[in-house]
Amino acid sequence: MLLNLEAMKKDISIYVHIPFCERKCKYCAFNSFCATEHEKEEYIGLLCREIESRAKDVSQEYAVRTIYFGGGTPSVLSPQQFERVTSTIFECFDVYDNAEFTVEANPSSITPEKLEKWKQLRVNRLSIGIQTLKDKSLAQIGRLHSREMALEKLKLARKLFDNVSCDLIVGLEGQSGKQICGEAKELLSLGVKHISCYLLEVYPNTPLFHMISNGQFSPLSDEDVVATFNKLATYLQDAGMQRYEISNFAFPGYESRHNLNYWSRGEYLGFGISAHSFLHGKRTENAATVADYRDGKVTAETLSPREEDEEKIMLGLRCNLGFRLSDLKAIDLEKNPYFADYLGQGILRRSGGVVTLNPLFYHLSNTIISNLFG
Amino acid sequence: MKDLSHIRNFCIIAHIDHGKSTLADRLIELTGTVSKRDMQDQILDSMELEREKGITIKLAPTRLVYEQDGKEYVLNLIDTPGHVDFTYEVSRSLAACEGALLLVDASQGVEAQTLANTYLALDNNLETVPVINKIDLPSARVDEVKAEIEEVIGLDAHDCPCISAKDGTNVEDVLKAIIEKIPSPKGDDQKPLKGLIFDSHYDNFKGAICLIRVFDGTVKAGDKILMMQTGKQFEVTEVGIFVPNTKQVAQLSAGDVGYIAASIKTIADVKVGDTVTSAACPTEKALEGYKEVQPVVFCGIFTVDGAKYNDLKDALEKLKLNDASLKFSPEASAALGFGFRCGFLGLLHLEIITERLEREFDLEIITTAPSVSYHVFKTNGDMLEISNPSNLPAQVEIDRIEEPIVRTSIFTPPEYVGSIMELCQDKRGVYKDMQYLDKQRVQLTYILPLGEIIYDFFDSLKSRTKGYASFDYEFVGFQRADLVKVDLLLNGDKCDALSLIVHKDKAYTRGRELTERLKKIIPHQLFEVPIQACIGSKIIARETISALRKDVLAKCYGGDITRKRKLLEKQKEGKKRMRKIGSVEIPSEAFMSILRLDDDSNK
């Protein structure tokens, strides 16, 4: 069956957005909220409806390589709710037997029962929002778990799942390179295969933003953030992980195939509010509120050749895939003085027609990438 | 022969801000030239910039009709600019008149341009009538100012009109004085045509328009005219007068001020100062023309978007149609690409042209620091005129450099004399003279390098004297000076657009100020960037811009690639006003703002 499918159909990824949280974190600016059981039920119904209706057009042409439940916090779904959505996907789409199936989970909502259910429903990768193992920091940023709980839930998860990823945040008050490397060491010792390291970003009008304004929280300076991040990166790479994207580290073979699909401009379907899809060269975004989502509102954008090139450059340079010069149709980098400079300065590397960004300059990637747009 | 006894041709000369345009407005109102409904302030200043800055840039003539003792008089007023940059325009209007009103502010008294303009009027044998304005001000000191006029200028002021142009008090006296004191024109309408072109402008429909003062003869549509200097002939399509908008008339004759249109395709065919005569029956001798004005301040003008070079070229050509004093030639800069080296009459002129380029032509431009033109004598005997510092030959090839110098007269209340002398010393000035005009006014005369005047002299003078001093200057000649070129290196690359020629004694200070200034203006780059000032290969100052710390979108959220791309596109847009010099990005303002060093304003 596997061989047949590959011959017949193209690959696609599926993203399912679960916008619910037990509590909103202080730094969060994403589309997530606390919901009643009734609201959750309604949303699950809408999700299944969307999956069914969109599958009609797509499932003949595509088979699913990866599934990703993100949020929000997918782990707040009850096992039954989770099963409803998952079964709908399996019913409507051809899913490869070896498809990567990731669920994002927070320590506070992980239970043995849910873990069992996920396993049973073919989930094979967990991404756990640890963020930090320092209790004071966890409290400051409004997480519901403690260091102890995080480690306990991680151990529990590891019993059933080999492929576990953890998130860490760099930039928290008082954080040092030594501290965060120590945390990484603990995670690795528990068999974590993948770590996503995010920089603390402060968005206007988040509680954290006001805490900073009021002097209740002082994040690391830009200089310290970069230094701390670089120490962590060095530590993880010394431990045998590869930095395959700006924020992502994995042991060989444990890279997130779902994310790699985004970065290589593969096609994907996003279900749920604010979910993004990329299909037949068109990017679409579902409505951001449940009310509009219920009405099926979608915004679409067809990319110009220049915009497509910008995506190739941006996505390629943010990960170790790079981009292929011959893939660019509208942007002529040979005419861009920055391109020659960056190659000369060792900021960009060029090998066999593929251009990659030197990881030493990942922390300045916006400047570099935007200069290549021009 | 036509009777000319009812005609008066006059202009108003004054120091800037003494109320020239306001008086013109009142005269226009009083004579009913423009209906109340159409009246607006500074009516003769048609350019938006003129009204905004409260200055007059272009000449604007108007015909006023006034009845006195049962006789109707035609009074042709030619408004003139007051700023020192436009002195040459003043002298042009003077040649078209028999008399001038010398307007003096009752609280400020005689100022630098009052004197400079009076001398111009006397040179042109004009009857000069003093008028004291702003008598409504609490600080007005009419009697003292009258005494100043008599002592300093030597004009009889005992019965001169004392007015307030603002509220209209005694303005009628001015009209009476014009009729009584200014002679009517002498001329013969039976003689061959002889007219002076005192200005020109370009009209999209009619071609180049000549503003003329007819001295002899007549001119009407259909006449064949000859421009005596250029030798070009045209057929007149229209003649008219200004009221103050153009009004077609049947003919212009001796004594009249008006315009001629003759399907003249390019403004270059109309030479201001030329004599217009009849092609069939020319006058024997041309009128004495004007000296060609020479630009004294130069700078490079480039577009922010290098692809707009041709737009800039078109815009400059259009501006030149109405401003013959604007000079420009193509220039290439390693840092800024293709642009133009432009010559101006002064800093105000430069400022006006650059503002008009941005406003009227919607161009985003980069202006390099202004420079004067140096005479550079090479060891091989050649002499080069250098107005772009980056073109200065290597030190070893230079025998000597001469810089333009000017005679400056500064009028000031006595308490600021010390501070002004200090400023002039600092600007390498040579003291010539000091005269107490009365208890309140001192006239200081200095010989100063023009290059120092264009470098923040005016601002420093204003701040040191709280705005009470005024100054004027005239070109004297060239003088040898110990000058060097200071180059700026960014990350080791020379930036030609930032080079300056300065006196050797000031090179270190300026080098240090410049590097400090650039450090403030240039944003952090991917690498640490040294900024060095050097003379030849010798480094005289150095600053370092530390590297950018962090600029990254860390979280890749879901599949939202569009948001990320748009953020980066926005970042790129924000950089449009940046120029890349080697591997360093510089905001385009940097090239001009480095000149406005705030070293002096704190004193």
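**Note on a two-chain predicted model**

1. Start at the interface. Here 41 residues of chain A are in contact with 24 residues of chain B (contact: C-beta atoms, placed from the backbone, within 7 Å). Helix H14 (residues 365-373) of chain A gives the largest share of chain A's side, six residues. By class, that side has 20 nonpolar, 12 polar and nine charged residues. Ala, Val, Leu, Ile, Met, Phe, Trp, Tyr, Cys and Pro count as nonpolar, Asp, Glu, Lys and Arg as charged, and the others, Gly among them, as polar.

2. A word on the source. This is a predicted model, in which local features need pLDDT of at least 70, side-chain atom pairs count only at pLDDT 80 or more, and totals for chains, interfaces and linings use all residues. Residues are numbered from 1 along each chain as its sequence is written, while chains are lettered from A and ligands numbered from 1 in the order in which they are written.

3. Chain B has 14 helices and 32 strands (DSSP runs, numbered from the N terminus: helices are H or I, at least four residues; strands are E, at least two). Of its 603 residues, 48% count as buried. Buried means that 20 or more other C-beta atoms, placed from the backbone, lie within 10 Å of the residue's own.

4. The largest nonpolar core holds 158 residues. Such a core is a set of buried Ala, Val, Leu, Ile, Met, Phe, Trp, Tyr and Cys residues joined through C-beta atoms within 7 Å. Ala100(B), Cys210(B), Ile212(B) and Ile260(B) touch the most other members. Strand S7 (residues 207-216) of chain B supplies the largest share, seven residues. A second, separate core of 105 residues includes Val16(A) and Ile130(A).

5. In chain A, helix H2 (residues 37-58) packs with helix H3 (residues 79-92) at an angle of about 5°, their axes 9 Å apart. Axes are lines fitted to C-alpha atoms over the stretch in contact, and angles run from 0 to 180 degrees between N-to-C directions. H2(A) and H3(A) are therefore roughly parallel (angles under 35 degrees). The contact residues divide into eight nonpolar, two polar and three charged.

6. Chain A also has an open, antiparallel sheet of three strands, ordered S13-S15-S14. Strands pair if DSSP finds at least two bridges between them. S13 (323-324) and S14 (348-351) of chain A are at the edges, each with a single partner strand, so one side of each lacks a neighbour in the sheet. S14(A) and S15(A) (residues 354-357) pair over four bridges. Leu357(A) in S15(A) is the bridge partner of Leu348(A).

Notes:
Contact = placed C-beta atoms within 7 Å. Buried ≥ 20, exposed ≤ 12 C-beta atoms within 10 Å, placed from the backbone. Parallel < 35°, antiparallel > 145°, perpendicular 65-115°, else oblique.
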